[in-house]
Amino acid sequence: MGTGQWTVENRAPIRSESSVNEYVPEIGCLSVIVLGASGDLAKKKTFPALFHLYRQGFIQSQDVHIFGYARTAISDHDLRSRIRGYLTPCKGFEETHEEDVAQFLRLIKYVSGAYDKEEGFRLLDKAISEYELSKNSTEGSSRRLFYLALPPSVYPPVCKMIRSYCMNKSDLGGWTRIVVEKPFGRDLASAEELSAQIGELFDEPQIYRIDHYLGKELVQNLMVLRFANRFFLPLWNRDNISNIQIVFREDFGTDGRGGYFDQYGIIRDIIQNHLLQVLCLVAMEKPVSLKPEHVRDEKVKVLQSVLPIEDNEVVLGQYEGYTDDPTVPDNSNTPTFATMVLRIHNERWEGVPFIMKAGKALNSRKAEIRVQFKDVPGDIYKCQKQGRNEFVIRLQPSEAMYMKLTVKQPGLEMTTAQSELDLSYGQRYQETIIPEAYERLILDTIRGDQQHFVRRDELKAAWEIFTPLLHRIDRGEMKPLPYKPGSRGPEEADKLAQKAGYVQTHGYIWIPPTL
């Protein structure tokens, strides 16, 4: 370095010293059955996730076969052709992509049938059994995973058919598991009815209620951040934190899904499940261990501590032009935007507002957690007007976490400025494959790990929080305010956040680092 020149030091690759959850691979052939195989969810999410797991070696061609089941009368070749275009290359394996796709598609077989008729499910069971027999699998040792990429309205009949005709005998180490997608009910009563219907057919350890937000890389990092880093432990409470925002923003509207979206609205679609799950991980106490039941016990405690939502701490919005969609009623009262304050009545969080915000057709696309700390007491640098310290976890896009803090502005003058300590994943983990949420969660179901899935009592507690508010909206007692597409949403939402204690920093913009 004596030349006066500087160099960039290449860091060593990231290595894991230990694995917290040691997984012992199971024996016995695996059948993955995708019901609703011809639908958008299966094509865009389920099959691509299975392909990436296959390409990375998490599921082996000699151990697994994939079955598609739907009402559409098509051939194996037709289904494979529909799926092919959605199978994107895996990072690092681009050169062999076409060969990989061809090998993967050969694992897929299609069975056509109704969702409430015995005949189709008997055909499905026959196809699965023939595959298991071809692998010389001992009866009762095989594994069957049913992924319901279907509307919730058909869950009960489908589950009944699976229970009656497609179960694997589990007395020799095999199992049958089902994965169900949101929305799981419309309110507390419908969710409980659905849970009861499925609960009569399957035990809770067999049911995997999937919320793909729990599979996102930065969401999975929340517990590690909180409970494996000493400097967060004394700060993570009402004494230091002023407020916490959990935000989901999209820069597009319903885009042809208006009829579907209008049945649910932004609260049911995003806040009651995705954002509430994030809140649980942010607010929960440290579990006894990382066993799924210990983690989910703590999440339920958080939900049971949430106070009833006050109407004066809710702002609803509907973007202008939403009802122009011919599938949306002209007088629709469905909110496409909502900001609300949730308050947790316990020792750690008493008095700290959790500001939940979600909306469509806004001015940006992002999902993030923003932990805003209280003002520095005795501010000798007179820098409070520049903004508070914040810890921001950006879930999507451009995954990152950064701490917003006050520093001395470089130069001869003693002036302060806002800057950040930044961990941007695209820069720090350039060679690492960051899996899609569905990849991780499907792998968890195969491994029997329910930590990142919603338990029945957790689902009930979540609906108890939102059902009274949703019923008031459904009855027309609360009206959404109009807002322009491409805006921040109704101005009243920013005023509500400010009233709750959030202090916005003007003039500061976080810019993701470039490589």
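Two strands are said to pair if DSSP finds at least two bridges between them. Helices (H or I, at least four residues) and strands (E, at least two) are DSSP runs, numbered from the N terminus.

Good morning. The model before you is predicted: local features need pLDDT of at least 70, side-chain atom pairs count only at pLDDT 80 or more, and totals for chains, interfaces and linings use all residues. Residues are numbered from 1 along each chain as its sequence is written, and side-chain values use heavy atoms, leaving out hydrogens and water.

I begin with the sheet. It is open, has six strands in the order β3-β2-β1-β4-β5-β6, and its pairing is parallel. Because β3 (108-112) and β6 (207-210) stand at the edges with a single partner strand each, one side of each has no neighbour in the sheet.

Let us now consider β1 and β4. Strand β1 (residues 30-35) runs parallel to strand β4 (residues 143-148), and six bridges join them. Which residue of β4 is the bridge partner of V32? That partner is L145.

I turn next to the loops. In the loop between β12 (390-396) and β13 (400-408) lies P397, joined to Q396 by a cis peptide bond with omega of about -20°. S398 is found in the loop between β12 and β13, and has a positive phi of about 50° although it is not a glycine.
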